[in-house]
Structure formats: structure tokens, C-alpha cells
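Please open the model in your viewer and keep the selection panel at hand.

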Amino acid sequence: MSVREGCSPVFRLAVLVSGSGSNLQVIIDRLHGKVAGIEVVAVFSNAPGVLALERAERADIPSAVFPLEDHDDRESRDLAMAAAIESAKADLVVLAGYMHTLTRVFLERFPHRVINLHPALLPSFPGTDGIGDAIRYGVKFTGVTVHFVDEGTDSGPIIRQEPLPVHDDDTAASLATRIHALEHRLLPRVIELVALGRVTPPPQGSRLVRVDDSQPSQIQW
Ligand code: GRF
């Protein structure tokens, strides 16, 4: 956590996005400048022109685009983005609908400081279509996962999960509506818990993340 001189402690978030940014909007509306000293200090996207960037602009949050095409390879793109995150002095990097995997050169700069939101109960249905995959498989329950990011696809240690029933007449669209509503509650709470120091990353050789959820949330809904 960083401390701004003369002010209360600030917990600085960088949010990475690729698309509509509904989760970014919830972070802005419910956490930014309101809870646990949290400030969104930067929004970075791999894709230009996405709605998430407009949401950042409307909230006066600095943003930038890091398209893969502008760099020799993924590592050099990730290094450029890591440098921008370091200059923004982010305490935590939140992947909120960021659709590229991050390379080792990026992740080793932010150990246990990068979290991702996934629309399924991992380790079931990792990848880009967790909602559609759950429907096609015919599971009766799916859900939402927030986890630390490692080099794999949605494979890092799990911080928190919430289940959701799948109805017989659900389509990918109807299930997505309920998944997104659940995401919009779960992700801000996990960020609040991380900012308050209540999330303990796993020790070496373990995947067990400890979460102290004993205090009520300060988030106003
Ligand atoms: C969410 O469903 C998230 O789980 C997945 O991408 C989606 C992003 O939605 N990783 P939005 O851009 O926040 O609206």
C-alpha cells in the first residue's frame, strides 16, 4: 500500500480491460475514492476504442492502449504495460475482462499483485467462453471466481468463488446476465478485502489463499 503525504493511506488500482468494462464501472462507482482508500489510478487496454476506455475517460481516470501490433512480441508489449503500471505506482492490478494472457516478464514484476475475474467455477471451464462452456456441458451449477494470476489460463490460486444455479431453460445470454450481476458484487468485495490486507497469498508450495471476511464491507449498494 502506498501513502499519499498529508492524506489518508491510498490503495492504488490499475485495471486492465479489453471490452465493455461493466466491472470497471462497478469498481469506479462503488470503490473509487469511497472505500478503503481505493483509487483507480490507471486503466489499460489491449484494444483501442472499447467502451471500457470511455468509462475511464468519463471518470477522469488516465488510460492507455497497448495493442500487440505495436510491439515485436507479447513480452515487449507486456514490459511496456508493466512500466506504465509501475509509474502509476499501482498496488494491485485487476484484470476485469482483459482477454490476453500475461507473460512471465509481466507477472514476475507484480508477485501476488495481479487478480483476475472469471465467469465460471474454476478449475471448470477456463478460457474465453466460461459461460457458453458451462451451458454446453450441462452443469447444474456454475459461478464466478476471483483468483491470483499465474502464467497459465485461469489457473492461479483461487481467492473467492460464488456458485450460481443453471436453469434448464437458460441460454448463454440469460446465464450471462446473472453471472455479470454476481461478478459486480464479488469483484468489488475481493478488491476491498485485498486493500484492507485481509487476503493472504499462499505460502510457497501451497495454493491455499486465506481470506479474513470477518468484518462487514464498507461498500454502499
Ligand atoms: C466478465 O464476464 C469477466 O468474467 C470476463 O470478461 C467479462 C468482462 O465483462 N473475464 P466487462 O468488460 O467487465 O463488462
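Select the ligand first: in this predicted model, the space that the ligand takes is the largest pocket. A pocket here is an open set of points, on a 1 Å grid over the protein atoms alone, with protein on both sides within 12 Å along at least five of seven lines, and a molecule sits in a pocket if more than half of its atoms lie within 2 Å of its grid points. Residues are numbered from 1 along each chain as its sequence is written, and side-chain values use heavy atoms, with hydrogens and water left out. Local features need pLDDT of at least 70 and side-chain atom pairs count only at pLDDT 80 or more, whereas totals for chains, interfaces and linings use all residues.

Next, select the shell around the ligand, which consists of S20, G21, S22, N23, G97, L117, H118, P119, H180 and E183 (a residue belongs if one of its heavy atoms lies within 4 Å of the ligand). By type, this shell divides into 2 nonpolar, 7 polar and 1 charged residues, with Gly counted among the polar ones.

Now display the polar contacts, which are pairs of N or O atoms within 3.5 Å. A polar side-chain atom of S20 lies 2.6 Å from an oxygen atom of the ligand, a backbone N or O atom of G21 lies 2.8 Å from a ligand oxygen, and an N or O atom in the side chain of H180 is 3.5 Å from an oxygen atom of the ligand. Taken alone the ligand exposes 370 Å², of which the protein buries 86% (accessible areas by the Shrake-Rupley method with a 1.4 Å probe).

Then move to the loop between β6 and α5 (130–137), where P123 is found. A cis peptide bond joins L122 and P123, with omega about 10°. Most residues other than glycine have a negative phi, and most peptide bonds are trans.

Finally, zoom out to the protein, whose secondary structure comes to 6 helices and 10 strands.

Definitions and conventions:
A polar contact is a pair of N or O atoms within 3.5 Å; within protein, one must be able to donate a hydrogen and the other to accept it, and residues adjacent in sequence count only if both atoms are side-chain atoms. On a 1 Å grid over the protein atoms alone, a cavity is a set of points where a 1.4 Å probe fits but cannot get out, and a pocket is an open set with protein on both sides within 12 Å along at least five of seven lines; lining residues have an atom within 4 Å of a point. Helices (H or I, at least four residues) and strands (E, at least two) are DSSP runs, numbered from the N terminus.
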